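Here is a quick walk through how the chains of this model meet and how they relate to one another. Have a look at the structure first, then read on.

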Amino acid sequence: MGKKAIKNVAIGERCKIHRTVDFGDNISIGDDVTIEQGVLLKDNVTIESSSYVGPRTIIGAPTRDFFKKPEDYQNQKTIIRKSSIIRANCIIYCGNEFGPNLETGDNVLIRENNMVGKNVRIGTLCDIQGRVSIGDFCRFHSNVHIGQKSIIGNRVWIFPYVVLTNDTHAPCGKCLKGPVIEDFVIIGTKAVVLPNLTISEGAVIGALSLVTKNVPAGMLMIGVPGKVVFPAKEIKCKTGLLKEGNPYPWQELPHLIEQEGIGRS
Amino acid sequence: MGKKAIKNVAIGERCKIHRTVDFGDNISIGDDVTIEQGVLLKDNVTIESSSYVGPRTIIGAPTRDFFKKPEDYQNQKTIIRKSSIIRANCIIYCGNEFGPNLETGDNVLIRENNMVGKNVRIGTLCDIQGRVSIGDFCRFHSNVHIGQKSIIGNRVWIFPYVVLTNDTHAPCGKCLKGPVIEDFVIIGTKAVVLPNLTISEGAVIGALSLVTKNVPAGMLMIGVPGKVVFPAKEIKCKTGLLKEGNPYPWQELPHLIEQEGIGRS
Amino acid sequence: MGKKAIKNVAIGERCKIHRTVDFGDNISIGDDVTIEQGVLLKDNVTIESSSYVGPRTIIGAPTRDFFKKPEDYQNQKTIIRKSSIIRANCIIYCGNEFGPNLETGDNVLIRENNMVGKNVRIGTLCDIQGRVSIGDFCRFHSNVHIGQKSIIGNRVWIFPYVVLTNDTHAPCGKCLKGPVIEDFVIIGTKAVVLPNLTISEGAVIGALSLVTKNVPAGMLMIGVPGKVVFPAKEIKCKTGLLKEGNPYPWQELPHLIEQEGIGRS
């Protein structure tokens, strides 16, 4: 009998755990946690206090090794820190550690072995491929794809359908190396970032651009292939709706500094 | 005890409701409705007659306010009109109202507070971001992303992986304004439409184009950045499979007029 | 009473079938099969030995005809061959036949009536639209969209967010014809392939390219619109990490030939 009859599950006070939640072994849940219908918690999952897990989300999904030798397989630890919100139908593989105040949209997929900072938001249908480093206060909008081995700094915003790639000569795979995205960078909708490049602090990438070379700090890149055109701080608000100042550097906008942790503060 | 013991659920005649369906409070279901395994109906959901809801779909999902003050939270009404088909694993937030004959693919996500007309199809993996207006007889293919505050007319066709954006100087957010897409517009696969623009009646946008300025009625735009090249009605069928006439204006094609409601009729 | 009281379900030896699995009629399951929580097997599904089906996956989902005349509807056969791994939340429509050793990511959608060869991998969030032919040893990364009537050879690699289209004058539909992708072709991230074209053996398409014309065998195409620039075999490894030889033809790389079935072997 490979299966233990008694599982090690610790649940804090004032939790709301739906009766259909399925527990693996060695689960630790803090106080004031809500877990909705049909959530699967696989082995070795910790969920800290005041967190919410939406319907049908899977936390601690096994890696590929599980299929090769299920009898020897040991699931890595997965840690959800306090005050996190994970919406419905997400799949978070094992071996992930997130800082507090994580917030995800629905249908998010996060593969194994990422290190993610505090106060990060990961939007609907994002696909984080694993072995990625993500700093604090990052915001990923819907359907962002982060290739393995990407390195992302603090307060980086990535807009819908951006892809960070990692294999220069695919499918060779000998050169697997993701891009480095420094603090305060903005990557516009549908941009593609090629592997092994650096987008330096505060640079801005326009929508549907193809980033084929390094982008210097604070510069705007647009086009296919991308060209560095001028400093982002020279961009004016064309709509007239931003009453004072310029839209970049965005982290100096008063209304964003006011949002806790979003601006440079 | 914040939870009412008795829920207000009204179900019509000849319905097939799977035993695993989870009901919130104040649910109204018409006659001849089928609801499949594991569907979650949150508070204040109406589903009119002859509709179908596929497995694991969630209708009336709560907005972000739910997480801020759950004890005061009131779910907005969600209305699915008659003869609608909603496939599996969809998530429809509260505060949406759809016209009759809605049809969705699987895994569709619809955020809160959209107004959607009649006979609309929303394909697999579409992501409608909320506060969007959509007219009648629109067709969205797979994986279309409609940013908040977009305004879409009648009989608009949008093809896979199109994104309508809404923040000119993201992440500033002061200028949030989606594009206006007028009646009969065709937007080709993977096009990106920048915020605060108008694509006028019957215009056609080529695949993988970046729409950076207004598109006049009936014109074809292609490229990155998009250029207006010539009237769409001058496009000839290169395949020889369309025996008579030209492919645009598409709403005058006899075989599309025959499909109820699709052409101008 | 249209519903048979007794269903025809055959299950092999040493299977692990979760108690929440929902069986349709006429189901055949081989030996050593694992089926996880909440899987739905609709009518006429075969799953051969040593296969794994992840949580909440649906196999044999009904076609659109089901909604038109449910009382006359007959679900087509769906065949999963031996040693396949199908991860969580996938939806595989009826009328599909796969070769052995299929492996899918999570959240994969496969519409009806595809013929798929052996040892194929279909990544997370892929959307195979139906009536597609796919050869052996193909690899699709995340979020690949294959339009109806595409024809894909053997050992083809397609990278994230690629779309194969099929309607030259959408929404006309009279000319519906997918592209032909020959053996050993590589299609880079976010490329779009227009309908009714051929990408010949061993050609390589760069990231974010728009393929608007045929691509000759072994050539590299890049850009929007795509231009054929030079033979792929002239591409050098710029990273220095591939110690010997060139990255293309990829099927001659020793480390890929070693992976069973991946290279030309």
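Which residue of chain C forms a salt bridge with A:Arg64? The partner is C:Glu103, and the closest N and O atoms of the pair sit 2.4 Å apart. A salt bridge here is a side-chain nitrogen of Lys or Arg within 4 Å of a carboxyl oxygen of Asp or Glu. Between chain A and chain C the count is one.

Some ground rules before going on. This is a predicted model, where local features need pLDDT of at least 70 and side-chain atom pairs count only at pLDDT 80 or more, while totals for chains, interfaces and linings use all residues. Residues are numbered from 1 along each chain as its sequence is written, chains are lettered from A and ligands numbered from 1 in the order in which they are written, and side-chain values use heavy atoms, with hydrogens and water left out.

**Where A meets C**

Contact (heavy atoms within 4.5 Å) links 39 residues of chain A with 41 residues of chain C. Putting the two together buries about 3200 Å², and carbon and sulfur atoms give 62% of that. Buried area is the accessible area (1.4 Å probe) that two parts lose on being put together, summed over both. A:Phe67, A:His169 and A:Pro171 supply 20% of what chain A buries against chain C, more than any other three residues.

There are also 14 residue pairs in polar contact across this interface, both residues at pLDDT 80 or more. A polar contact is a pair of N or O atoms within 3.5 Å; within protein, one must be able to donate a hydrogen and the other to accept it, and residues adjacent in sequence count only if both atoms are side-chain atoms. On the side of chain A that touches chain C, the residues divide into 22 nonpolar, eleven polar and six charged.

**How the copies relate**

Copies are superposed by least squares on the C-alpha atoms of residues with pLDDT of at least 70 in both.

| Chains | RMSD | Turn | Shift along the axis |
|---|---|---|---|
| Chain A on chain C | 0.0 Å | 120 degrees | 0.0 Å |
| Chain B on chain A | 0.0 Å | 120 degrees | 0.0 Å |

For chain A on chain C, that is the relation of a three-fold axis. In chain A, the C-alpha nearest the axis belongs to A:Val224, 4.2 Å from it.

Definitions and conventions: Ala, Val, Leu, Ile, Met, Phe, Trp, Tyr, Cys and Pro count as nonpolar, Asp, Glu, Lys and Arg as charged, and the others, Gly among them, as polar.
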